[in-house]
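Okay, thanks for coming, everyone. Let me put the structure up, and we'll walk through how a few parts of it pack.

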Amino acid sequence: MTAYAPLTAILGPTNTGKTHLAVERMLARRSGMIGLPLRLLAREIYDRVVREKGYRATALVTGEEKIVPPTARYFICTVEAMPLSFDAAFVAIDEIQLAADPERGHVFTDRILHARGTEETMLLGAESMRPIIRELVPDADIVSRERFSTLSYAGPTKLARLPRRSAIVAFSSDSVYAIAELIRRQRGGAAVVMGALSPRTRNAQVGLYQSGEVDYLIATDAVGMGLNMNVDHVAFAEREKFDGRRRRRLFANEMGQIAGRAGRFRQDGTFGETGQIKPFEHELIGAIENHAFPYLDQIQWRNSDLDLRSIDQLQLSLSRPSRNPLLRRTREPIDELSLGLLARDEAIRDLGRTPQGTELIWDICRIPDFRKVSLDAHVRLISQILTHLRSPNGRLPTDFMAAQFDRLDKIGGDVHVLSQRLAQVRTWAYVAHRGDWTEEADFWRERAREVEDRLSDALHDHLTQRFVDRRTAALVKGLRADKALETELGTDGAVTVEGHVVGHLDGLMFRADAEGSALEARALRQAAEKALRPEINRRLGALAKAGTDDLTLDAEGRIAWQDRPVAQLTAGASPFRPDIALIGGELGAPEAQVRAQGNIERCIRAQISRDLQPLLRLTSDEANQALSGMARGLAFRLAENGGAIARHEIDADVRALSAAERRALRRLGIRIGEFSVFMPALIKPRIARLSGLLRAVYQGDRLRAFQPAPGLMSVAADESRPAADHAAAGFQRCGPRIVRIDILERLADLVRDARAAGKNRDFELAPAMTSLLGCSVQDLRGVLSSLGFRRVRKGPDPEKAVGERWAKRRLRSTPVPSRPVPAADTPFAALAALKPELAVQRPKRRKKRASGR
């Protein structure tokens, strides 16, 4: 363990700039090499060194990616892939506390013991490694670095209430995706960072977060390994993880490593837990805040001086125990387990009887299990690769390699499918970077890079589509900056804010396109208020000046302006004076709304007064002066009933009218028909629809207005409606049908003509009658029965009217109200002489029949 001087161990919490310092010291030397815990971090440092030293001077060496120019002087590597044969002036190992990790720890321990620079060596890690370093590397200069900022506990917080610039940490892909989906619905979107992501996908996701397009980062514990991001708060959504062998609770130092990512340089940070896990213990909080974690008493170790003479000798050397109590013999990692399973095959044991064969078998066993499916599946894969390499050619066949990449070079599928394909591509990229395993190794390395890039871009797109609502995120970002949002209003009413369609302006009503999320609704509402208020105020101003001809009223009581609904009829003081409610307009100024509503109300009432003038005239002062007695009462009843009443309901009153009263009613537009007393002017389709609508609005149910389609002579009866609803629309209930009143009078004409033609009281049903009403013979019979007719002779065919005769039913007449004859010795007798119509004789009373008949 002889070391080149000087050797420095820089220990301390996160956010101390240890990695940054190591890179600066490396670049100050003529050559250097740094081992990092993650491929993602290695790629980040590689990009930085390339910017400073150039592409030709910089190499990137990881398990599945090797970029090594011939003139490379600075090697950026994962710890496992460090080329120890390269004599670098400077060597650094980052995150050396991972030497205690059950899976990877023995590799970090080996680098701590053996990786040295010719001019300087740096070991970077947590303070918990101090006793181990002092014992194993006694000549190391140990330097403690303090955190630049303060890290404090913020307590538990619900996911929906986490502050901006938060990282939420979970320890499985399923948990990460579930949290990201929740954050998208409630906060607009989140970026996702996991160790399994390719550098290209990870960088694209981090770019979303760093740019501020999203304010939340959902990550695994990979976020704790030196990834540099502007995180203000770290929230733990879980406290347990699967470490490759079992599911266990995180150690305090692991939680401190992750929580330490909150805060940047001298900016303070906070940490806490979400509401889904139990609150942290006071001891744990104190340890994280003060960076006071127990010192490590052992680290993982495995013998690296291997005997490759045979498989048995290799296994024996791997199992050799350490003589140092600080170095714990690691449990069998996956490469040893794979070796044990392969060694059961006699053919492989035969291959392993030579040093060359044993070395090949061991190299195969060290292929990383990127897929993480199962040990058996991994061993089957590496056994297949070994079978090809044992062939006389000693290379993986070209068609075999092509088949693997063709199978994976597909960008269809969801996030899980793409992630699995990427994991498999990493395996074949690792194989391709073994130049002695394939023919045309450069070609397969390039093919691996191309496939990985395509899958990485597709995965980034899928992650973004699934977990980021770009429209809402852009709106929230713009609103938070309190800047003027760039807004456009299309000719079709589409509202575009910052290049995103957020909804449609329909008249005065803004209809947002977002659904479900409260954040979406709030963001769109705020954007609309800022962007649409001037336009809505302009429209309200135009409505305040609109004339009656500029507004139209539809069958449901909506008032349209420029073919867009802007107001709605509501119940008022009377059916003919409805109130008006604006549809939308809330974003406009209150005074503008009042002016627009007042003008619309005036226009609609003027239209009602114009169209329904004959009906309104019945209750006017002019009508009161022109009518008297029974005529005035009849006019009032007509006005209340919508302008029409069935004749049989007021027949006694009608027969009591004098000739003068009949003439007065006729001058007001009232017609006394055979079956109805009505106003012909109100039966015109447009006016009838308006009258029916106003009655329904007054009753509080505008959608149930009785408004038969124009051209219909009759419709099926609706027993749920009162007669006044039919009368207001110009119809009358007649048994099974509701018939238009003017059609009833035409039916009376047909009956009259039929009786005159037969010179008899009865008449024969004719096809013209059913044609007039637009109904069946059976319905015609019901109509006639309701009008006071009876069948006196059936026809030969019950389904037809031929030969069927009807006559007026003999109804007991209602006596005409008589006026008393004045006594001869009173002044009224003289008046009766002047007015003979007053001297009506009282009708004789009919004698009662004897009881018991």
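So, let's start at W428: leaving aside neighbours within four places in sequence, W428 is in contact with L381, I385, F400, M401, Q404, F405, R407 and L408, contact being heavy atoms within 4.5 Å. Before I go on, this is a predicted model, where local features need pLDDT of at least 70, side-chain atom pairs count only at pLDDT 80 or more, and totals for chains, interfaces and linings use all residues. Residues are numbered from 1 along each chain as its sequence is written, and side-chain values use heavy atoms, with hydrogens and water left out.

W428, along with I364 and I385, has the most contacts inside the largest nonpolar core, which has 60 residues. By core I mean buried Ala, Val, Leu, Ile, Met, Phe, Trp, Tyr and Cys residues joined through side-chain atoms within 4.5 Å; buried is under 20% relative accessible area, exposed over 50%, partly exposed in between, with a 1.4 Å probe and protein chains only. Which helix gives the most to this core? That's α15, residues 415-432, with 9 residues. Helices here are DSSP runs of H or I, at least four residues, and strands are runs of E, at least two, numbered from the N terminus. Apart from that core lies another, of 55 residues, including V495 and C603.

Now α10, residues 334-342: its buried residues are D335, E336, S338, L339 and L342. They fall within an arc of 160 degrees seen down the axis, so they line one face of the helix; the arc uses directions from the helix axis to the C-beta atoms. Those residues pack against α9, β18, α11, α12 and α13.
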